[in-house]
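Let's go through this one together, question by question.

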Amino acid sequence: MDIAAYEASDGYQSLQAIAKGLSPDDVLQQVKDSGLKGRGGAGFPTGLKWSFVPRGGDAPKQKYLVVNADEMEPGTFKDRLLMEGDPHLLIEGMIIAAYTIQASKAYIFLRGEYIVSGQRLNRAISEAAARGYLGKNILGTGFDLDIVVHTSAGRYICGEETALLNALEGKRATPRAKPPFPQVSGLWGKPTIVNNVETICNLPGIITYGVDWYHGLTKGSDHGTKLFGVSGKVKTPGCWELPLGLPIRELFEGYAGGMQDGLELRGFLPGGGSTDFMLPEHLDVLLDYDAIAKVGSRLATGTMIILDNKTCPVGMVGNLMKFFAHESCGFCTPCRDGLPWVDEIFNEFESGRGSEKDLQILHDHVDYLGPGRTFCALAPGATAPLGSGLKHFKEDFDQHIKQKCCPYKH
Amino acid sequence: MSSSDVKMSNNVIASTATRPRKLSAEEIAEIEHEMTLYPDKRAVGLEALKIVQKYQGWVSDESLLGISRYLDIPASDLEGVATFFNLVYRQPVGKNVMLFCDSVSCWIMGCENIKQAIKDKLNIDYGETSKDGEFTLIPVPCLGDCDRAPVMMVGPDLHRNLTPAAIDKIILDYQNK
Ligand SMILES: Cc1cc2nc3c(=O)[nH]c(=O)nc-3n(C[C@H](O)[C@H](O)[C@H](O)COP(=O)(O)O)c2cc1C
Ligand code: SF4
Ligand code: FES
């Protein structure tokens, strides 16, 4: 969508509201009231995150907004769609966010492979600047903002927000200790907000149409809409913007068309590769953060990966473990040494040499690599499909041991 | 796989360079532009590596030293950044780099058959370059197009819903380019 088309559909209207006197505190309050939660995976309330940024006369003059567009979570394909399809939505959202925390500089940390996204964002930035939405003294508000697209070069850990800040500074992208939190001391030691692309894309609607409108979009207890994707052997894989709170079944059957003919649903990861398996019995659970947490998984990125009855669950988990092992940044021992070991054991299973002892080692690693045991959330993310896979697909692991091969290949 | 895993079938490079390559005028102009976008020179390191790679195809030891001198960043620091990222190539690569998604959704949709088709056609495995110097095959994590899996990039182009038959045609198209 170019800027004219975007403006014709109420694009950049939120900036008119700001120009008419909406203060940063007003915007912050609206975002808090909206109930918006981060769409990058953790689901942290956006308004609350912003409120930790120092404000007022004593606050550091330079602050930064960083948009996390590193999308590399396996099975996740939503931010790309937003950036390619509606780049001005992201730019408008960034202006709102930067205005609220009074950041005069913003970076989009973009995955290097997203070449088309980069081109469209850069064009959108020039168009917005030509209209006076970016640059100095935006619409006479006295607020300045420049946006720079920074392209990365392929490393999953850069999506972790403190590793991302190190990467932007040109350092090796290992995570930082928290505290201090980036909101207080982030990029080059300045207060910094890191938000996901989709989170930021929620802002123009909230400011333009209001909090009541935003609340009205929802079917469940969480507010707003969300991009939901389905991949795997369904009839019509894809990504759709839907209200939070619909039953999973509606997404899976209504939008994705259900399983391809001749296949049955075995299980699914509800929100990318770092989430716990859910089962067919969970299809009536609602698509919102709390409902999915209640059954032991996470909504996370909202992009479901479907496991069918003719695909090997052990192979699927093994594929994920290879990814996590490869993408471990190597900073802390349990993750650096543990994940390659786990990966190696999956190779053994794949080639028919898996043993009961190996199975026990996998179970042990679910604990060794769990939350609180490692420096960042990468390794705990890996334990989600690992632990739930071991539990729900135990018979498949056992079959690999007994038959000394992958039963799905023979 | 990291760039350090990239092997060239017919070429071995020296592991240490003592003489920096002088950066070209184009490379310098682009690096200078990047420097206006960040408050600190060090932040431009990765971008400079990518700029050089764009012109040279890969980042040789001599190029790395050249950037290190130009930006006044210790070579060891810059090397630390270069080896960290999957898409900075520290070994020569073919004319077209195939970034092959082997993550979970593509795996479910049969990317192993696609990889086999590439292997059959070009006789290369991950990290290798075809004899004619046209293609290097590198695995990448999820390319964010999982609803159209299996997926790979060839150079800047994305190819979706891959089938073994489609591979033949894609390879031909690039060979004829
Ligand atoms: C290993 C790892 C990778 C991550 N990758 C991404 C990513 O690609 N995009 C993203 O928005 N968040 C990612 N996150 C989450 C971020 O750390 C952070 O929570 C998020 O960007 C905050 O934005 P939000 O509050 O708008 O969700 C990742 C986290 C971890 C631990
Ligand atoms: S858990 Fe893994 S990715 Fe995170 S800091 Fe430790 S080694 Fe790095
Ligand atoms: S898993 Fe291949 S594009 Fe997502």
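Q: What makes the pair formed by the side chains of Asp343(A) and Lys322(A) a polar contact?
A: Keep in mind that this is a predicted model. The side chains of Asp343(A) and Lys322(A) are 3.2 Å apart at their polar contact. The cut-off for N or O atoms is within 3.5 Å, so a pair at that distance passes.

Q: Why is Asp343(A) called buried?
A: Its relative accessible area is 12%. Buried means under 20%, so Asp343(A) gets that label. If you want to find it, look in helix α15 (residues 333-350) of chain A.

Q: Why is Tyr126(B) called partly exposed?
A: Tyr126(B) has a relative accessible area of 21%. Buried would need under 20% and exposed over 50%, so Tyr126(B) ends up in between. You'll spot Tyr126(B) in the loop between α6 (111-122) and β2 (135-140) of chain B.

Q: What makes the link between the side chains of Tyr126(B) and Asp102(B) a polar contact?
A: Here the distance is 3.3 Å. The limit is within 3.5 Å, so this pair counts too. While you're there, check Thr136(B): its C-alpha atom is 7.9 Å from that of Tyr126(B), and the two residues are ten apart along the chain.

Now for the ligands.

Q: Which backbone atoms lie close enough to ligand 1 for a polar contact, and how do you know?
A: An oxygen atom of ligand 1 is 3.3 Å from a polar backbone atom of Arg39(A), and the distance from a ligand oxygen to a polar backbone atom of Glu71(A) is 3.3 Å as well. For Gly159(A), a nitrogen atom of ligand 1 is 3.2 Å from a polar backbone atom. On its own, ligand 1 has 620 Å² of accessible area, and the protein covers 89% of that.

Q: What makes up the shell around ligand 1?
A: Five residues are nonpolar, seven polar and six charged. Strand β4 (residues 192-196) of chain A gives the largest share, three residues. The closest of the 18 surrounding residues are Gly40(A), Lys49(A), Asn195(A), Asn196(A) and Thr199(A).

Q: Where do ligand 1 and ligand 2 sit?
A: Ligand 1 is in the largest pocket, whereas ligand 2 is in the largest cavity.

Q: How many residues around ligand 2 are charged?
A: None: nine are nonpolar and three polar. The residues around ligand 2 include Cys329(A), Cys332(A), Cys335(A) and Cys376(A).

Conventions: Residues numbered from 1 in each chain as written. Chains lettered and ligands numbered in written order. Predicted model: local features only at pLDDT ≥ 70, side-chain atom pairs only at ≥ 80, totals over all residues. Heavy atoms only, no water. Near = heavy atom within 4 Å. Polar contact = N/O pair within 3.5 Å; in protein donor to acceptor, adjacent residues only side chain to side chain. Areas by Shrake-Rupley, 256 points an atom, 1.4 Å probe, with all protein chains shown as cover. 1 Å grid on protein atoms, 1.4 Å probe; cavity = no way out; pocket = protein on both sides within 12 Å on 5 of 7 lines; lining within 4 Å. Sits in = over half its atoms within 2 Å of the grid points. Helix = DSSP H or I, 4+ residues; strand = E, 2+ residues; numbered from the N terminus. Nonpolar A, V, L, I, M, F, W, Y, C, P; charged D, E, K, R; others polar. Buried < 20%, exposed > 50% of the residue type's maximum accessible area, 1.4 Å probe, protein only.
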